[in-house]
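The sequence and structure are shown first.

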Amino acid sequence: MAFELVVNGTSHTVDADPQTPLLWVIREHVGLTGTKFSCGIGQCGACTVHVDGRAVRSCSVPAQTAAGKKVVTIEGVSPDGSHPIQAAWKEFDAPQCGYCQSGMIMSALALLRERPTPSDADIDSQITNICRCGTYHRVRQAIHLAADLMKRTAGRA
Amino acid sequence: MSEPAGVNRREFLATVAAAQGAFVLGFWVPSRADAQTIPNAVWYENPTTPEINAWIVIAPDDMVTIRIAQTELGQGVWTSNAMMVCEELQCDWTKVRPQYASANRDAREQAPEWTLKVPGKGAGDPNGGGEPTFGNRDRTGVSGIPDSLYRRMRTNAASSVKDGRYYLQLAGAEARERLLLAAAALWNVPVTELTAKNSVITHASSGRTTSYGQIAHRAAETPHPHPETITIKPPDQWTLMGTEQKNLDIPLKVTGQTVYGIDVRLPGMKWAAVKACPVYGGDVKSYDFDAIRTMPGVRSVVQFPIPDPALTRGRVFSGGVAVIADSWYQAKTALDRMPIEWKIPPELAAFNTANMRATLLAAIEQPGRVRVNQGDVDAGFARAAKIVEATYSTPYLPRARMEPGNATVLVTNDRVDIWIGDQSPQETRFSAAKITGIPEQNVHLHLCHLGGGFGRNGNGPQAEHAIMIANANRGVPIHMLWTREQDFIGTTYRAMGVARLKAGLDADGWPIALEVRTGMQGDGFGPEASFDVTSRYYVPNYRFSSHVTTFHVPVGTRRGVGQAAHEFYRESFIDELAHAAGKDPYRYRRELLARTSLPYKDDLLTALDMVAEMSSWGSPLPRGKARAIALEERGAEGSGLATISAMVHTVSVSREGKVKLERVDVAHETGFGLVNPLSVKKQIEGQITWFYNDAMHQASTIADGHIVENNFNAFPISRMSEDPPEINIRFFPTRHWLLGMGHDRATSVQSGIGDAIFQITGKRYRDLPYGKHDLRWS
């Protein structure tokens, strides 16, 4: 059964079982592979995308529930890696293997939009993605820097 | 029903050609001699301009492609290998593009003669190539470095810098010299009058310059008359090596564009989902494909046997079944509904954690293999004023990398193509040849970055599964992807271990006798991984024996071998002895090190002293908070390669029993030089998290012969909230080359948290993880 899905501002007609998890529709039907599969049960957050601005673990959400909503993946954060959060990640050389980082960035971006100046406690409670390489220390620093950069960017705009 | 799964090679190539014309995002063309490559893929491509040597291609615009024969799995090798080449080549670091080396060419070409001999005088010679671990030659690349083109293509044993540095530096130097020779010939001037810097060659007296890109085609045809005379720069001449360089793969990793194995898409590709028997050594008894045959997208089914142990270093995994469908989620959904019966040998189903642990404990009561026997241990115990005895244990532990096992394989009648993130492509090439009967020279690996690694063979038979499935579907590219649950079956485990340590202390509390017995599974490296306590801490009478058992769980490397468990035993016990002696654990360690005659004694003492000072050791802490110190080293028993550090862990335990690693201070040696200190810091930070998880959370248990914890709900991994708020790393120089950074750093988180718990709660726990214990206090 076909349904419409808007991903990163582009509308796609998806011919898939509507119960297919959003993750697999994004990866296999829309063809965007930056969003990752790891646990399949909503534990690790490698599959995190935004649905109407909220961070969602896309492996555990039927794609149809996102129909008519705005889905944003890592590919939609910026066309060229220039978003302040990506600049902050690069500044701290945060990723190691990088596999979890798409989801980590999407979770952090949702947090920063909700709380532009997150405390460490906010980060601890809101960023629950798993990173097996142990990049948490640099990710935390990068989130704080991203908060500063995003405010400066907003100030210029 | 849909059409048969098969498309033949001609149809496949026709599809490739069509795809080139209609290129869309996420729809990729395979890298083959006859096919276009895809954006952001980093696997080997045939060069469009002549290469200088097998590691270096320079394009007319000065862009330098550097071939990387190790795999980037987060450790930074993509950058550090390139730095080692660039340092000598003297090319512009901003115009460097790493690319994976070709495992296929490696099967067909011999290594240049100048890469075969390690220059210099070993671990203590700053001018030389150090002391590669895998110095012996081995064609398969398992036990040594082959003489084939790229030498060692494995990524393991924390050895990428240690083993590859000399020939990567030589590769850069050889190319630089030939660029200079080509310019000298062109200008008809002596080569000694030329200098090379930042991809520009200058003849100072005439003012002439040329760029690497302009001269590269001539250099490619200019052999070096005496490559054996080329030398490598010692650390005091490094200008790029030794500086903190951001990793070259980061920009793609923050935009989701990195190509991991799981991201490979090919025209006509089908997906395979797999279930292997959950009990190792088990196989498929029966399955009912008819029950799912008509489900959406389903194409076919493949049963595969237990992978040939000769291809998996002797480890016995299990047989299984794969469902092939148009999409992976269709394949997985159908497979979940397909009835499967397993054939499980009853003696294997009888294993569980309790009886395996009992077997290990019984084994250490029996005579074992005596590894070290110094002085008279029994006489030492007889005159001891106090006896301290403790039994420690560590559970089975998997790697649990983030990217589940996967590989995309196309087998035709004369060729195998494999797209994979792989820590040992030479072994995978060998497996492909054995399984398909197609010679290694016709096996092509298209290497991808890995979503975590932590030990190649540890990551099990992902390649072998995929090759067997694709071999049964020749002509169709098959992308096999394990579920998370399968990844926990497909992996090897660090062996469960036990250790009994018994010390006799003299009246002043110093050890005069020590007996150590370790028990681990026989092929788990555990008992054979060094646990020679006396060489680090002085004890005059010492006996160490290992006690081997046999279980069915395949065990192997996991960010090291047995050392992490052994350092937990050793450092925990030294803490216990210090407390029993009523002495400060830092001073106690210091004195026992000072009494030795170890070649690197001063470095060990420097590490301890520096970290004690960094952590304000001895200054008061509030109730509920404690510090613990530990030594970490590899190789410090000898005078060869070593890696030495010390850490202090500041830990709090709330009255409700909540543990927080508050702060970690690290004093770490640099050896003669670190290639990329930024990557080293990241490795240390990451391993603090790794061993924090080992200490607090992680254990794999066995029930009815199978691993119980098979996803992240049952196998916990820490999140941001448990990361230590403060990590301080300070380096100090030493006079030897390092043994490696990729594993066995931060093992002391295990003993450190344990001793802090003891100091705060009065409770001493000796079996990991601590999180399963009642840590409350009042």
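## Helix 11 and helix 12 of chain B

In this predicted model, the axes of helix 11 (residues 425-436) of chain B and helix 12 (residues 462-471) of chain B approach within 10 Å and cross at roughly 30°. Since angles under 35 degrees count as roughly parallel, helix 11 of chain B and helix 12 of chain B are therefore roughly parallel to each other. The crossing of helix 11 of chain B past helix 12 of chain B is right-handed.

On the side of helix 11 of chain B, the contact involves Thr428(B), Ser431(B), Ala432(B), Ile435(B) and Thr436(B). Their counterparts in helix 12 of chain B are Ala463(B), Glu464(B), Ile467(B), Met468(B) and Asn471(B). Sorted by class, this contact of helix 11 with helix 12 of chain B comprises 5 nonpolar, 4 polar and 1 charged residues.

## Surroundings of helix 11 of chain B

Helix 11 of chain B contains 12 residues, and its first and last C-alpha atoms are 16 Å apart, close to the 16 Å expected at 1.5 Å a residue. The helix is mostly covered, with 10 of its 12 residues buried. Charged residues among them are Glu427(B) and Arg429(B); the buried set also includes Pro425(B), Gln426(B) and Phe430(B).

The buried residues of helix 11 of chain B pack against helix 3 (103-108), strand 15 (406-411), strand 16 (416-420), strand 17 (443-447) and helix 12 of chain B. Gly437(B) follows helix 11 of chain B and has a positive phi, near 80°.

## Helix 4 and helix 5 of chain B

The axes of helix 4 (residues 160-187) of chain B and helix 5 (residues 212-219) of chain B come within 8 Å, crossing at roughly 90°. Helix 4 and helix 5 of chain B are therefore roughly perpendicular to each other. Helix 4 of chain B contributes Arg178(B), Leu179(B), Ala182(B), Ala183(B) and Leu186(B) to the contact, while helix 5 of chain B contributes Tyr212(B), Ile215(B), Arg218(B) and Ala219(B). The contact of helix 4 with helix 5 of chain B has 7 nonpolar, no polar and 2 charged residues.

## Helix 17 of chain B

Buried positions in helix 17 of chain B are Asp603(B), Leu604(B), Ala607(B), Leu608(B), Met610(B), Val611(B) and Ala612(B).

The cover over these buried residues of helix 17 of chain B includes helix 16 (585-594), strand 22 (625-634), strand 23 (643-653), strand 24 (659-669) and strand 27 (726-732) of chain B. Just after helix 17 of chain B, Ser616(B) adopts a positive phi of about 55°.

## Arg357(B)

Arg357(B) lies in helix 9 (residues 353-363) of chain B. Because Arg357(B) has 18 C-beta neighbours inside 10 Å, it counts as partly exposed. Leaving aside residues up to four places away in sequence, Arg357(B) touches Ser393(B) and Met496(B). Its C-alpha atom is separated by 40 Å from that of Trp419(B), which is 62 residues away along the chain.

## Contact between chain A and chain B

The contact draws 48 residues from chain A and 51 residues from chain B. On the side of chain A that touches chain B, two or more residues each come from helix 1 (22-30), helix 2 (84-91), helix 3 (101-114), helix 4 (120-126) and helix 5 (136-156) of chain A. Helix 5 of chain A gives the largest share, 4 residues. By class, the residues on this side of chain A divide into 21 nonpolar, 19 polar and 8 charged.

Conventions. Residues are numbered from 1 along each chain as its sequence is written. Chains are lettered from A and ligands numbered from 1 in the order in which they are written. This is a predicted model: local features need pLDDT of at least 70, side-chain atom pairs count only at pLDDT 80 or more; totals for chains, interfaces and linings use all residues. A residue is buried if 20 or more other C-beta atoms lie within 10 Å of its own, exposed if 12 or fewer, and partly exposed in between; C-beta atoms are placed from the backbone. Two residues are in contact if their C-beta atoms, placed from the backbone, lie within 7 Å. Axes are lines fitted to C-alpha atoms, for helices over the stretch in contact, and angles run from 0 to 180 degrees between N-to-C directions. Angles under 35 degrees count as roughly parallel, over 145 as roughly antiparallel, 65 to 115 as roughly perpendicular and the rest as oblique. A crossing is left-handed if the near helix is turned anticlockwise from the far one by less than a right angle, and right-handed if clockwise. The expected span of a helix is 1.5 Å times one less than its number of residues.
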